Amino acid sequence: MSNFEAFFDYIQKISGKLLSEDDKHLLTAHFKTRKLRKRQYFLQEGDVCKYIGFIVKGSARTFTVDEKGHEHILKLSVENWWLTDFESFYLLTPSRFNIEALEELEILQSTNAEIEEFLKKIPAFSAMSNVISQNNTIAAQKRMQAINYSAEERYEELVSNYPHFLQRFPQNMIASCLGLSSETLSRIKKNALK
């Protein structure tokens, strides 16, 4: 299956609408395939995010670096997820985040102006965008609620929602994403096995 066929299937599945041949042609003409090497940046802090990318193959992390040089992972992303800093992408402001490929990464990317065109001209793309926006709002609320969760509850939430992350990402990255030390995560995992 080609990158675009997988992308078209994703749009139709999320939106619940079919793409016409004209819709597919418009998307193919404007989404560009981009490959990133492991550890290559899709976006660096301070740059304006000019693109949004759909992950066809590979994984990435969105993170910040504090004043002491410590990295804090905000999001881990895998196939069929989107890469961007929405604030920077839509408002054209410098990003506060870094987005880095964790594996060889293949994405389909497009610009803000092109996305706006798709939203106006392609009903399935617009419907998909609405569903993604709702899901992102819900995810942001859950992340805010998780501030009050114990370390164990945050880990259980991750295992429940993204069990494949445990096989895909190193423990130190999962710990950082959960706001935990690697030692605390090891202890939680050990206790969970009892």
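**Note on the predicted model: strands, loops and a surface patch**

1. Asparagine 80 is partly exposed, at 37% relative accessible area (buried is under 20%, exposed over 50%, partly exposed in between, with a 1.4 Å probe and protein chains only). Asparagine 80 sits in the loop between S5 and S6, and its phi is positive, about 70 degrees, although the residue is not a glycine. Most residues other than glycine have a negative phi.

2. This is a predicted model, in which local features need pLDDT of at least 70 and side-chain atom pairs count only at pLDDT 80 or more, while totals for chains, interfaces and linings use all residues. Residues are numbered from 1 along each chain as its sequence is written, and side-chain values use heavy atoms, with hydrogens and water left out.

3. Leucine 92 also has a positive phi, about 55 degrees, without being a glycine. Its place is the loop between H3 and S7, and at 57% relative accessibility leucine 92 counts as exposed.

4. Helix H3 covers residues 86-91 and contains tyrosine 90; helices (H or I, at least four residues) and strands (E, at least two) are DSSP runs numbered from the N terminus. Tyrosine 90 is partly exposed, with a relative accessible area of 37%. Together with Phe86 and Leu91, Tyr90 forms a nonpolar surface patch of about 300 Å² accessible area. Patch members have over 30% relative accessible area and no salt bridge; like charges are joined within 9 Å, nonpolar side chains (Val, Leu, Ile, Met, Phe, Trp, Tyr) within 5 Å. A salt bridge is a side-chain nitrogen of Lys or Arg within 4 Å of a carboxyl oxygen of Asp or Glu. Areas come from the Shrake-Rupley method with a 1.4 Å probe.

5. Strand S3 (residues 51-57) is mostly covered, five of its seven residues being buried. S3 pairs in the antiparallel sense with S8 (residues 105-111) over six bridges and with S6 (residues 82-83) over two; pairing requires at least two DSSP bridges between the strands. Glycine 53 has bridge partners in both: glutamine 109 in S8 and leucine 83 in S6.

6. An open, antiparallel sheet of four strands runs in the order S2-S7-S4-S5. S2 and S7 (residues 98-101) share two bridges, and tyrosine 41 stands opposite glutamate 100 in S7.

7. The unreviewed UniProt entry annotates residues 34-121 as "domain: Cyclic nucleotide-binding"; such annotations may be inferred rather than shown by experiment. In the model this span is 18% helix and 44% strand, with its end C-alpha atoms 24 Å apart.
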